[in-house]
Amino acid sequence: MSVTVIKPGMLSSFQDRGREGYQHQGIPAAGAMDERAHRLANALAGNPDDPATLEMTLTGPTLRFDAPACFALAGADLGATLNGRDLPVHRPLVARAGDTLAFGARPAAGVRGYLAVHGGFALPRVMGSESTYLRSGFGGFQGRALAKGDQVPLRAPLAGGRDLDALQDALWQVRVYLPAALGAKRRDAIRFLPGMHWDEFSEASRQDFAGSEFRISPQSDRMGYRLLGPALSMSQPRQMLSEAACFGTVQVPSGGEAIILMADRQTTGGYPKIAQIATVDLPILAQCAPGQTLRFQPIGLEEAQRLDSERERAFTQLQEALAPLRALLA
């Protein structure tokens, strides 16, 4: 009752919403880079909770289902096929034992896709989370990215004897309307709030950050995005104590090259913080690739909080609307 890895893809690892409550012990949170897509995939696979999904980067894996399962895809469209037949994203789908799920060429937009299965993958919880922290080698599946020949067990494969054709037809009839707040919107600029040390940066640096174009460096990964662009500097450089690091914090080392901290960020940082990316735009940022250009736009705290609350209400509405889907899979 498992999924077998035929090809692992470029970087495929299991991630949930992160490992909370351990940063004070030096344990990074990790978790999905695009939390919106991760949660969408889970909802569409009939999961009311938050089991880990498979986060796939640019080139997805080739997987064989060794047991029937309901699954869903979200995030970047990586050209998924089931036994050679094209598959849509944002739909509940059925795989039979022996079916092969594969992914095609690099997507036209985005870099990360998410695969959820109904019931979740049977992974051990490490400090309350199924997320993989690749740098230290724990969590997820054996603390690493997928490799050829891996067999990942399913927690709740579809019961034997079910009429899978009838189930697929019934799932296809379920109407799936994504609230506007959950759509994969494209934006000309990533919204940010002033960071803790915003006022200590020079006027020229503040104007450059809010008005210039930056490019994501090839030296970027799940830990952080390095930005190539105008050098940023404080009005009066000074030493500062290390502080807790957050997803989306933009810190500036002494060389002036800004770094956006991402899902696998360190637990603390001692560099000045010029900005904090608004939570609602972190999924957009997570789907950006090295070499892509970014611009930044300020947003007020109340507006950022309103947009975040709107997204949470949309997820609640979506789960309520998908009750018929979960009933079919019960």
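I sorted the lining of the second largest pocket by class and got 14 nonpolar, seven polar and nine charged residues. The model is a predicted one. I put the volume of this second largest pocket at about 590 Å³. Its lining comprises 30 residues, and E35, F247, R265, T279 and L282 are the ones nearest the centre. I then looked up which elements give two or more residues to that lining, and found helix 1, strand 19 (273–277), helix 4 and helix 5. Helix 5 has the largest share, with five residues.

Next I turned to the largest pocket. I have about 890 Å³ of space for it. I noted 38 lining residues, with A184, K185, R186, R187 and I284 closest to the centre. By class I found 17 nonpolar, seven polar and 14 charged residues in this lining. Strand 12, helix 4, strand 20 (293–294) and helix 5 are the elements I noted as supplying at least two residues each. Helix 5 gives the most here, with three residues.

Helix 5 had come up in both linings, and I looked at the helix itself. I traced it over residues 301–321, which is 21 residues. From first C-alpha to last it reaches 30 Å, close to the 30 Å expected at 1.5 Å a residue. Which of its residues are buried? I listed A304, L307, R311, A314, F315, L318 and Q319. Viewed down the axis of helix 5, these buried residues fall within an arc of 135°, so they line one face of the helix. On the face turned away from the buried side I found the exposed residues L301, E302 and E320. I also checked what covers the buried residues of helix 5, and the cover includes helix 1 (35–44), strand 12 (190–194), helix 4 (282–286) and helix 6 (323–329).

I located I274 in strand 19. Is I274 buried or exposed? I have I274 as buried, because its relative accessible area is 0%. Leaving out residues up to four places away in sequence, I found that I274 touches P194, G195, W198, F201, S205, F209, L232, V250 and V252. I also took the C-alpha separation of I274 and A323, which are 49 residues apart along the chain, and got 43 Å.

Q23 was next. I placed Q23 in the loop between strand 2 (12–15) and helix 1. Beyond residues up to four places away in sequence, Q23 touches A29, A245, R265, Q266 and T267. R265 is also one of the residues nearest the centre of the second largest pocket. From Q23 to R191 I noted 168 residues in sequence and 26 Å in space, C-alpha to C-alpha.

Last, I looked at backbone angles. Most residues other than glycine have a negative phi. I noted A30 with a positive phi, near 55°. A30 sits in the loop between strand 2 and helix 1. I counted A30 as buried, because its relative accessibility of 7% is under the 20% cut-off. For L58 I also found a positive phi, near 60°. L58 is in the loop between strand 3 (53–57) and strand 4 (62–65).

How values were computed
Residues are numbered from 1 along each chain as its sequence is written. This is a predicted model: local features need pLDDT of at least 70, side-chain atom pairs count only at pLDDT 80 or more; totals for chains, interfaces and linings use all residues. Side-chain values use heavy atoms; hydrogens and water are left out. Helices (H or I, at least four residues) and strands (E, at least two) are DSSP runs, numbered from the N terminus. The expected span of a helix is 1.5 Å times one less than its number of residues. Buried means under 20% relative accessible area, exposed over 50%, partly exposed in between (1.4 Å probe, protein chains only). The arc is that of the directions from the helix axis to the C-beta atoms. Contact means heavy atoms within 4.5 Å. On a 1 Å grid over the protein atoms alone, a cavity is a set of points where a 1.4 Å probe fits but cannot get out, and a pocket is an open set with protein on both sides within 12 Å along at least five of seven lines; lining residues have an atom within 4 Å of a point. Grid points are joined across faces, edges and corners, and a volume is the space filled by probe spheres set on the points. Ala, Val, Leu, Ile, Met, Phe, Trp, Tyr, Cys and Pro count as nonpolar, Asp, Glu, Lys and Arg as charged, and the others, Gly among them, as polar.
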